Amino acid sequence: MSEQKECHPALAILEDLVRIQSVNPHYGSDACGEGKVAEYIERRFQGTKVKVSRQPVFPGRDNLVLELRTGHGDATLLFETHMDTVSIGSMENALTPIYRDGRMYARGACDAKGSLAGMIWALEECAKHPEQLHADVVLCAAVDEEHEYRGLRAFMAAGMPIAGAVVGEPTELSIVVAHKGCARFAVMTHGKAAHSSMPEEGDSAIFQMVQVLQFMRDVVEPELRTRSHPLCGSPTIVAGTIHGGTQINIVPEQCEIEVDRRIIPGELPETAIAEFERQLREYIEREGLQVQVSVRELLLDWALETPKDAEVVSFARHAARTLGLSDELVGVTYGSDASKLQRQGIPTIVYGPGSIAQAHSKEEWVSANEVGLAAQFYYHLARSFGSPEDGGAS
Ligand SMILES: [Zn+2]
């Protein structure tokens with residue numbers, strides 16, 4: 001355990017955070033929710049210049065909103081990340097921070113308590129010398145990111161003016177300005193039931209679905225490959241589940257697939273579903289197929305594309321360069337809260353320690369070094385945001 005001693009103070013905060021179980025209650029009855037993490041953060045900021053308030057989202061589950069007001073309300077920088085984690089699952093010693101090979105292993109270490117610890121440390125440092133800041137700094141530690149994003153939605157509904165935002169999620173210290181979104185929907189085919197001894201009396205919904213899947217392979221996939229975003233690549237489509245029929249001796253009346261269509265910046269989720277349905281109906285018509293379909297929306301999530309000249313991007317690149325880190329702007333294929341903020345007109349980047357590959361995994365870990373660097377990055381960004389010298393220097 002000597003390893004962490006010479007490390008960054010944000011790691012001590014991270015150790016405290018992972019010891020507190022904060023599994024999202026969606027993941028079962030032994031999940032504790034975010035309450036104890038909120039209490040811990042609240043305690044840390046007692047007696048400081050940071051105003052702490054709770055924003056009720058669910059009974060007993062509040063967002064924690066920390067405001068360092070410095071008289072620059074027109075230039076408020078938001079740090080946003082989440083307090084909940086996915087379930088412990090089969091991870092051993094998940095609530096004990098264990099250091100090995102420069103990594104800290106624990107549930108939530110990577111997604112997203114590493115980011116949260118760095119943001120807490122940065123805000124504490126800023127609060128020591130608020131007169132040196134050029135912006136107000138707000139940290140929203142949200143509930144329910146791992147299920148329905150209700151915490152972020154509640155924060156946005158409160159309508160606090162924000163000039164730029166950083167969402168804390170594992171990006172391996174890359175400045176993420178673009179990511180994919182998704183449109184999830186169900187496609188159902190409608191046939192006619194009949195006893196399997198007289199199949200000619202019926203119409204198999206499963207066979208109809210074969211035609212829909214053929215359409216996806218022959219028409220949709222090649223077309224999506226022709227579209228591309230410079231940072232995110234091409235959109236994709238996957239039929240993740242299929243259910244059809246009720247009994248072996250009955251011609252199936254219904255069959256349903258659930259489709260996950262990943263959209264790229266420039267595409268809209270609702271448009272992607274409408275486009276799929278229109279093209280499918282045209283295909284059925286053109287090929288003269290006997291297929292009865294209906295399409296049902298399941299979930300919409302927007303893609304992220306933050307303007308490269310946004311203030312938060314310029315200051316983020318400046319902060320990264322100051323620390324000798326990469327200031328390259330990158331895109332990723334997974335989604336985050338950033339697109340919801342950006343959609344409200346708040347320029348937003350995603351930045352944090354750890355890799356998405358370790359999030360939600362059986363062996364969740366985060367690089368101890370990256371946790372310290374992310375904390376420094378948040379601090380430098382908060383210190384310079386809104387200053388006349390450092391902005392636009394990219
Ligand atoms: Zn996360």
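Here are my entries on the metal site and then on the sheet.

Before starting, I noted that this is a predicted model, where local features need pLDDT of at least 70, side-chain atom pairs count only at pLDDT 80 or more, and totals for chains, interfaces and linings use all residues. Residues are numbered from 1 along each chain as its sequence is written, and side-chain values use heavy atoms, with hydrogens and water left out.

**Metal site.** I looked up what holds the zinc ion and found His82 (NE2), Asp111 (OD), Glu169 (OE) and Glu169 (OE), at 1.8 to 2.5 Å. Donors here are N, O and S atoms within 2.8 Å of the metal (3.2 Å for Na, K and Ca); water is not among the atoms, so sites may look incomplete. Along the chain, the donors follow the spacing H-x28-D-x57-E. Histidine 82 sits in strand S3 (residues 76-82) and aspartate 111 in helix H3 (residues 109-128), 29 residues apart.

**Sheet.** Next I traced an open sheet of 4 strands, in the order S10-S11-S9-S12, with antiparallel pairing. Strands (E, at least two residues) and helices (H or I, at least four) are DSSP runs, numbered from the N terminus, and two strands pair if DSSP finds at least two bridges between them. S10 (236-244) and S12 (293-301) are the edge strands, each with a single partner, so one side of each has no neighbour in the sheet. Strand S9 (residues 181-190) is joined to S11 (residues 254-263) by 10 bridges; I picked out valine 187, whose bridge partner in S11 is isoleucine 257.
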